[in-house]
Amino acid sequence: MPPRSDEPRRDATGSRRGSSRTSGGRGTDRTAEPGVGGISDARAYTPRGRTIREGAARADREERAGRPEQRRTPRSTRSGDPFRPALQVLDGGRTGATRAGRRDAAGGRSGVVRTVTPRAPRAPRDDEPPATPRRRATPPRTPRRPDRAAVRRPARKPRRPPKLADPGRRLRLGTVLTLALFATIGIRLVYLQAVETPAYAGGGVADRTRTVTLPAPRGAIYDRDGAELAHSVEARYVYADPTQIKDPQATAKALSPLLGIPASELAGRMAPRKRPDGVWSQFEYLARGVEIEKARQIMELKLPGINTHRDERREVPGGDLAANLIGFTSQDMNGLEGLEARYDDLLHGEDGKRVYEVGLGDLAAPIPGGYSRTTPPKPGSSLQLTIDRDLQFKVQRILSEAMAQSKGSTGAAVVIEVATGEVLAQASHPTYNAAKPLPSDPADREDAATSFVVDPGSVHKAITFGAALQEGVITPDTTLPIANSIKMGDTWFSDTHPANGRRMSLPGMMAYSSNVGTIEIADKLGRDRLIDYQRRFGLGQATGVGMPGEASGRLLPADEWSGSSYGSVPIGHSVDATPLQMAAAYATIANNGTYVQPHLIKEVIGPDGKRTPGKTPVTRSVLSPENAAALRTILEAVTTVDGATGTAAAIPGYRVAGKTGTGWRLVDGEKQPGEVASFIGMAPAEQPRYVIAVFAHTPSGGGGDIAAPAFREMMQFTLHHYRVPPSAAGNAPKFVVYPR
C-alpha cells in the first residue's frame, strides 16, 4: 500500500523529512539537498506545486505502472511563472533569487517548496478499456543560479508593498459624514418648524381658505319723528365671468328684461377682456342693487358664466324728498354728496369677514369641522335729522310750483325753529331723484340754501336797523326827513316810494323799503360798528349746519370800502350771503336777540340703539330783548301798511313780521343776469315760533311775485301743522308812515 499523503516521508538517504503547512494549507519542503548545485535556490514549480525531481520520479512510477503522468512544463523565466506574482505578494514583494540568497546566507536554508502527495494508482477493472498512454513530460530546464547573479550585481532595493486602504479610517469618515448629514437635516427641520412656520403656513392659506366680506349695514337717515329718509336694504349684484360665457348676445338678450339694461350694453360688459396684468378677466359687474326676487329669477335661467352675490342697496323712499339735502351714495355704499358724504365715516360702519376652509375642484364648499373664523360686521350709526318729513314735502312742493313760473330759475327755502335753531325744512329748486341720482345735472343736485350766494338786498336792512337800535343811534320813535335820493361817493341812491323830504317813521321806512332812510341811519352808526354787527348776526362765515361745501359768504372789509360803499353796504349790496345765513339772522331777531347756530343733526343713533345728541349749537347775544321786540314791530309794518312791499306775505289770523329784498346772484364773484327776489319773515310776530326764508333767482325778472306768496303758503302750513294758535285780535299795532 502506498504511503498516505499526511505521513512523514523519507528521502533516499533514509532521513525523515517532516511535512509542514503554509498559510495556503500545502506542504513545503524546507531541507536543502547537497550536491544539487543551486537548484534549491531557484526551484521551478509545477502547477500542483511538486518539485521537478518528484515529478520525474512519479512519472517513472506511472510509466512502470502503465499510466504516464500528465503535467505542465514549467517555464524557466520568472515572467512565465504563473504563481510568481502571488508568491511575491506573500513574501513581501521580494524575488525568489533574493529570498534564496538571504536564506543560504543565514544557514543553508532552502526556498519554500510546494509539494503534493501523489495518489496511489488505481487498479484497472476488467471491463474498462486500456488507458491511453500519456506523453512524457519534457524535462525541465535547469534555471540559472540566482546566487551568481547576486554575486555579479548588487541586490535591488525591495519594493514597498502597495498601501492598502484603512477600513478604520473609512469607517470614521463615513460616520462623520452621516452625522453631519443628520445634523444638517435636523437643523433645517428645527428652522422650518420654529422660524419659518408663519411664512410657510401663510403661503398655503390662500389655497385652502376662502374669505367672504360681510358688508356692514349702512346707517339710516331719519327725520325728526323717526321716519326713514334713506336706508339700506339687502339686495344682490349680478356679475359675469366672460371666460365661461359661450354666447354673449343670447345671454344679454335673456338678462335685459330682468335688469332693465339694453342688451347691447350687457353684451359689451360680457366681452372677453384682459386686465392690466395680462390675465383674462373673470369678473365683470352687470348690475348692482338688484332686488332679491329678480336675482332669483336670473339664477333660475342657469346661464353659463352668470352669477349673483349678496349686495346692499340704498333706498330713498321719498325719491326727491330732501334729495339735495340727503345726497346719495355710490354702488359700493360710499357717500358722494349731501349728508351721505358729510357723515360717511359715521354711516358706513366697518365691514366684517368670514374666513373658512374649503375643498378644491368640484368640492369647493366649506369643510365640516374645518377652519372657520367670522368677524361680525359693525353696522354704521344712523342720523336723526331735525327735518320734518311732512313739512319738507310741503315746502318743497310750494317752492317748485312757484319757481315753475320762471324758466331757468333757482330757488331756496329754509324753515327754522326759533327757540332751538333746528332746521325743519330745507328745500332747493331744481331737484333730482336721490333714489336714482344718475344721470342728473350737477347743478340740480346742489343744496341752494347753503351754496346759493346772493347779494341779499333789502332784507339786509333789518340788520342795519337792529345795530342802530342796539347802539342807541335811533329809538323806535325816531323819525327822519327823507329825501328822494342821496349821493354817497360818486353814486346816487334813490327810493322807489319817494318821500319828497317829508319826515318818515322807522316802520314807514321799513314798509316802503327806504334806501335813503337806511343809509342815513347807517351813516350815524358808522362803518366799523356796522361790520361788527354783520358778524354778530352770522354773516361772513359758514353756519356749520352740517352740509358739505357750504359757502361762507363774504363781508366787505373796512379797508376796501369806497365812498359808494357807505351807501351800498347798509342796504344789502356789496355783501355776499347765503339764504341760510340770512334766515339765521332773522331767527336772531325772533329769538329776542340771541343768535342760535342753525343745525340739521338732532341725534346720532349708534348700532346698539344708544342715542347721542348732536353738536351743541353756538349761541350769542346780539340784541337786547327790548330792541329785538322793537325791531319785530318795525318789521311787522311790511305786511300791514297799505302799499307796503310785503303785503302779499300776510296771513289771515296771524301777525307776520318780515322783509322783502331784491338783489343779485353771484357766481365766483360775478353778477348773474336777472334778479334775486326774497322774503324772510317770522310768525306769530308777537312771539315768533318759526322763521322762513324764500329766495328766487329769476333770470327774466318777476321774482317779487314769487317770494312773498310762496312764504305765505309755507308759513301758513307750518303754523297749522304745529297747531300754533292764531294771534289775539286787536293786538296788531297801528303804524303811521309820515307823522306830523
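Is Tyr432 buried or exposed? At 7% relative accessibility, Tyr432 counts as buried (under 20% relative accessible area; exposed is over 50%, partly exposed in between; 1.4 Å probe, protein chains only).

1. **Basis.** This is a predicted model: local features need pLDDT of at least 70, side-chain atom pairs count only at pLDDT 80 or more, and totals for chains, interfaces and linings use all residues. Residues are numbered from 1 along each chain as its sequence is written, and side-chain values use heavy atoms, with hydrogens and water left out.

2. **The ring partner of Tyr432.** The ring centres of Phe328 and Tyr432 are 6.1 Å apart, with planes at 80°, so this pair is edge-to-face. Rings of Phe, Tyr and Trp (its six-membered ring) pair if their centres lie within 6.5 Å; planes under 30 degrees apart are stacked, over 60 edge-to-face, the rest tilted. Phe328 is in the loop between helix H11 (323-326) and helix H12 (338-342). Tyr432 is in the loop between strand S15 (423-429) and helix H15 (448-451).

3. **Other rings.** The whole structure has 9 aromatic pairs. One of them, Tyr237 with Tyr239, is tilted: 5.9 Å centre to centre, 50° between the planes. Tyr237 is buried at 13%, and Tyr239 is buried at 18%. Ring pairs join Tyr237, Tyr239, Phe283 and Tyr285 in a cluster.

4. **A salt bridge within a helix.** There are 24 salt bridges (a side-chain nitrogen of Lys or Arg within 4 Å of a carboxyl oxygen of Asp or Glu). One joins Glu265 to Arg269, with the closest N and O atoms 2.4 Å apart. Both sit in helix H9 (residues 263-270), 4 residues apart, about one turn. An α-helix has 3.6 residues a turn, so residues three or four places apart point the same way. Glu265 is partly exposed at 36%; Arg269 is partly exposed at 25%.

5. **A buried salt bridge.** Glu636 and Arg655 meet at 2.6 Å, N to O. Glu636 is in helix H22 (residues 625-640), and Arg655 is in the loop between H22 and strand S25 (657-667), so the bridge ties parts 19 residues apart in sequence. Glu636 and Arg655 are both buried.

6. **Helix H5.** Helices (H or I, at least four residues) and strands (E, at least two) are DSSP runs, numbered from the N terminus. H5 is hardly covered: its count of buried residues is 0.
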